[in-house]
Amino acid sequence: MIFSLKTVVLGALFASVAVAAPVEVDRRDANSDRISACFVGLVFTGSWPGSCQAAVAANLGLIRSIAVNQMSMDFTPANPWVPATSSNSIVATMLSIPGITLPIDSVRQHIIIVDNGVQIGNIDTPWSAASVKGGALTTSFTTSNLNVFSTAHTAFSSFISALSTSASHPVTLQGAVDVKLNLGIFGHLTIPGIGFKATTPFAGLNNLNQIKYIYMIDTLLSSSSISLTSIINIVNPSQLTLSLGTINFSTSTDKGYVGISTIKNLVLVPGDNYVLSYTDLDTSYPAVNDFLNTLPVADVSLFMAGYNSTSTNVALNAGLAVVKSKVVVPGGFNGLTMSQPPYKNWSLKVLPTTKTDHLVEITATFQSPYYGIPIKMVFDNEDGQDNYAYVSSAVSPQLGGMRLFDFQNTINFSVSGKTSATITFKVPIKGPFTSASKSRWQGLVDFAKTKGYIPVNFMWLATVTVNNDGTNHQVDWGSIDFGDTNIAVGSDFASILDSFSA
């Protein structure tokens, strides 16, 4: 490692001029000067005397400010007072040493979090890679526990409240950091216990005041309640990734209380979060009837508020109980669409056995239409349903509406929100298989020979589970939102006429 003494001297002269200029600059106190001298000596000699160790242990020594650009907090572990934390970006501004970039390549942090003057807990991180550029040290840390002090439970809940309801909240970080330096020909050196204390702003959730109603999946009825399963988008304005577990909100309209909205296994990442909200409307309350009567014709605002049972996590519950937010449900659910069609790439194959059993082979690709939320097919044609594909009027006015095939519970798939599944299954074509109906099928065969596909629509109420919730949801996968679906066919489609009487 080669350093220019000329660069060091010129840098020191420039720093002296800058200090003398009539502008705001960092004050270089006696301790700072000692630290500068210590690191200059370290870089050129590899020496680190005890007096240098004492100098860097001061709270305002080497590290001047800290920015936490991202932090994750997981409140789902068994002990509510020991949430797991991690960060992929922490930047510490260090004391400027003219002409020298400290060769720090890894750090280990011992952090105490202070809120409103109260020490609420500590985090001890493992060694993590680090780099220094332009006087800024950048690092991260993997999963490390935040140990909330037993005397600070109330203060910690207040800290959660502040982060939940504020756009920004100042937090003091203090403690010590251990660093490893690569000194080239002098080898590696570990310097323990470099003290720091800095107040940094944490962007908060700001009462989750950006919640948008995205899509209504279905409604489930019981004797005393109506359960509305919806997709909402919770915009997280902070740089915090929060694993909160199951969260409940007391829900009201401007007419009064209507029930409880539950979000299961809630994880909030910065930005958009498309999640399932289960709202149980208690029909014993008058405001519910008003909600149900108003919704078909006008927008309705649902006010969501924390309360004394918002979370089973005692460390979170008091903090989240103060959250108050709102979501507007569009009247008649107008303008709401799936994120993508639930299916694509259909094809139909006539088998040698079709002429006797009247079954054709379908291949199709299925994907989640629910904004990245996983789905699993339970029934493609549940008992009591009549689900089928019919020919589009785009073929001809005469053939439009002709029933092509029926679903009969032969579709089985499960996909994550980002994956798809291509499956092959058999379905029955629709009779009667008589000479009278054969002429209509001949018209369909003639169209298919020319186009290579058959445009169809679906009448389809599928039964699925969403996000592994264990509840059967009847979802409308008909063609209203998507228009015609083209089913590719080959030359074998002509042999479907063999199923009919001469």
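View 1. What you're looking at is a predicted model, where local features need pLDDT of at least 70, side-chain atom pairs count only at pLDDT 80 or more, and totals for chains, interfaces and linings use all residues. Residues are numbered from 1 along each chain as its sequence is written, and side-chain values use heavy atoms, with hydrogens and water left out.

Two elements, β12 (256-268) and β13 (274-282), each give two or more residues to the lining. The largest share, 5 residues, belongs to β12. Strands (E, at least two residues) and helices (H or I, at least four) are DSSP runs, numbered from the N terminus.

**View 2. Four strands line up as an open sheet in the order β21-β18-β24-β25.** Pairing in this sheet is antiparallel; two strands pair if DSSP finds at least two bridges between them. At the edges stand β21 (414-415) and β25 (473-476), each with a single partner strand, so one side of each has no neighbour in the sheet. Strands β18 (residues 375-379) and β24 (residues 461-466) are joined by 4 bridges in the antiparallel sense. To pick out one spot there, find I375, which sits opposite V466 in β24.

**View 3. Strand β16 pairs with β17 in the antiparallel sense and with β26 in the parallel sense.** Strands of a sheet pair through backbone hydrogen bonds, either parallel or antiparallel. Between β16 (residues 343-350) and β17 (residues 359-367) there are 6 bridges.

**View 4. D178 and R108 make a salt bridge, one of 4 in the structure.** A salt bridge is a side-chain nitrogen of Lys or Arg within 4 Å of a carboxyl oxygen of Asp or Glu. In this pair, the closest N and O atoms are 3.0 Å apart. The partners come from distant parts of the chain, 70 residues apart: D178 from strand β7 (residues 168-182) and R108 from strand β3 (residues 104-115). D178 is buried, at 5% relative accessible area, while R108 is partly exposed, at 29%. Buried means under 20% relative accessible area, exposed over 50%, and partly exposed in between (1.4 Å probe, protein chains only).

**View 5. D386 and R403 form a salt bridge, and so do D406 and K430.** For D386 and R403, the closest N and O atoms are 2.4 Å apart. D386 lies in the loop between β18 and β19 (388-391) and R403 in strand β20 (residues 403-406), so this pair ties together parts that are 17 residues apart in sequence. D386 is partly exposed, with 44% relative accessibility. For D406 and K430, the closest N and O atoms are 3.7 Å apart. D406 belongs to strand β20 and K430 to the loop between β22 (420-428) and α8 (435-451), 24 residues apart. D406 is buried at 15%, whereas K430 is partly exposed at 33%. Salt bridges with shared partners join D386, R403, D406 and K430 into one network.

**View 6. Helix α5 (residues 286-294) has A287, V288 and F291 as its buried residues.** Looking down the axis of α5, these buried residues fall within an arc of 105°, so they line one face of the helix; the arc is that of the directions from the helix axis to the C-beta atoms. The face turned away from the buried side carries the exposed residues P286 and N293. T294 is also found in α5 and is partly exposed, at 25% relative accessible area. T294 and G331 are 37 residues apart in sequence, but 7.7 Å apart in space, C-alpha to C-alpha.
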